[in-house]
Amino acid sequence: MLHARVTPHGIGMGIGNSASSADQFNSCILILCQSILLVLLVCSELETDLKQERVQDARSLEKGNFETSREGLSQMWRYFAQHASWPLSSFAARRLISREGEIFLVGQGLSTFPEVLLSLKNEIKTLDLSDNEVSILPDFIGDFQSLENLKMPRNSLRHLPKSLGKLRHLKSLDFGNNNIEELGPWIGHLTALRNLNLKDNKLRSIPEEIGSLTGLISLGLKSNLLDQLPRGMGNLKSLVHLFITDNQLTSLPADIGGCTGLRKIQASHNRLSELPDTMRHMEALEFLRLACNRFERFPLELFRALPALTWLALSGNPATNRLVQQKEAPRLGPPDLHLTGLGLK
């Protein structure tokens with residue numbers, strides 16, 4: 001007679017003298033099938049739990065309050081990052097990717113880019129590595145040919161590899177709040193780019209090749225070390241938002257007037273003392289922030305020539321006090337223009 005039981009160490013069996021070979025075989029098959037079903041059931045429940053937690057984390061991220069509830073999984077990812085050759089690492093990576101090709105590894109304490117993601121290089125469309133400690137972006141990032149959104153703000157990056165120029169499907173690139181010192185000419189190859197955020201870095205210049213990004217909608221260069229913007233800016237016909245606050249800009253390029261789709265320019269806390277007259281062609285411009293610059297005189301005729309201008313910030317300039325002291329302030333723009341920092345309306 002065959003006696004069998006499932007234990008934590010496996011399947012234990014004992015054979016009695018009276019059992020036939022057929023009985024032994026049938027009993028073994030029955031126990032084996034039960035064990036397989038048990039394993040499949042457990043795996044199915046684990047996969048369901050992971051999917052539910054992944055959806056909850058993604059929804060939390062959209063609300064801006066992402067918190068990792070999968071502490072065990074987070075520890076596992078940190079282990080994978082240090083032991084990328086472990087055979088199960090690619091299996092775990094596949095468990096983290098959503099049906100839309102998204103992977104969120106926000107605030108995981110990663111110091112290196114996880115090589116395990118290479119196993120999914122043709123599937124990842126959105127990769128979010130925000131709030132980590134990654135200091136080097138490897139050259140193989142250029143192999144992620146399906147990538148559309150790359151988010152790595154608040155890391156420790158200093159240099160960007162030119163292989164990024166291979167990501168021809170990239171629509172959004174966020175390297176804000178790092179220590180990046182240079183942006184290479186490769187940026188001109190990313191012609192599908194719609195949003196580029198490089199704020200809070202250490203950039204001293206922007207290459208002229210940025211003018212090739214004719215589909216760019218938003219450009220964030222706030223809080224860098226820029227003293228000028230490149231020629232070719234006028235080619236950015238689709239640009240809607242330009243953020244250049246807190247730099248060292250002394251002037252804007254003459255061809256910036258070609259950005260006829262611009263609706264918002266934030267240029268406060270620079271060293272501007274004049275604006276190019278070509279800006280009168282920006283008929284869509286609604287918001288212009290020029291506070292805390294070095295204007296001795298404001299280009300009033302230019303302001304009046306902007307038909308859509310509804311918000312103008314001029315405080316903190318040498319010309320501001322003189323304008324406020326005038327008994328009858330001149331009309332600075334359209335009748336419904338809102339001024340800040342002047343006490344005027």
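**Entry 1: around Ile 124.** I began with the contacts of Ile 124 (heavy atoms within 4.5 Å): beyond its neighbours within four places in sequence, Ile 124 touches Ile 97, Gly 101, Ile 103, Leu 117, Phe 144, Ser 146 and Leu 147. I note for the record that this is a predicted model, where local features need pLDDT of at least 70, side-chain atom pairs count only at pLDDT 80 or more, and totals for chains, interfaces and linings use all residues. Numbering runs from 1 along each chain as its sequence is written, and side-chain values use heavy atoms, with hydrogens and water left out.

Where does Ile 124 sit? I found Ile 124 in the loop between strand S3 (102-104) and strand S4 (126-128); strands are DSSP runs of E with at least two residues, helices runs of H or I with at least four, numbered from the N terminus. Ile 124 counts as buried because its relative accessibility is 0% (buried is under 20% relative accessible area, exposed over 50%, partly exposed in between, with a 1.4 Å probe and protein chains only). I also checked Ser 146, 22 residues along the chain from Ile 124: their C-alpha atoms are 6.2 Å apart.

**Entry 2: salt bridges.** I counted six, taking a salt bridge as a side-chain nitrogen of Lys or Arg within 4 Å of a carboxyl oxygen of Asp or Glu. One of them joins Asp 131 and Arg 154, at 2.7 Å from N to O. Asp 131 is in the loop between S4 and strand S5 (149-151) and Arg 154 in the loop between S5 and strand S6 (172-174), so this pair ties together parts 23 residues apart in sequence. Asp 131 is partly exposed at 34% relative accessible area, and Arg 154 is partly exposed at 41%.

I then looked at Arg 231 and Glu 208, whose closest N and O atoms are 3.2 Å apart in a salt bridge. Arg 231 is exposed at 62% relative accessibility, while Glu 208 is partly exposed at 44%.

**Entry 3: a surface patch.** I found Phe 25, Ile 29, Leu 32 and Ile 36 forming a nonpolar surface patch with about 370 Å² of accessible area together. Patch residues have over 30% relative accessible area and no salt bridge; like charges are joined within 9 Å, nonpolar side chains (Val, Leu, Ile, Met, Phe, Trp, Tyr) within 5 Å. Areas come from the Shrake-Rupley method with a 1.4 Å probe, and for residues only the protein chains shown count as cover. Ile 36 belongs to helix H1 (residues 21-62).
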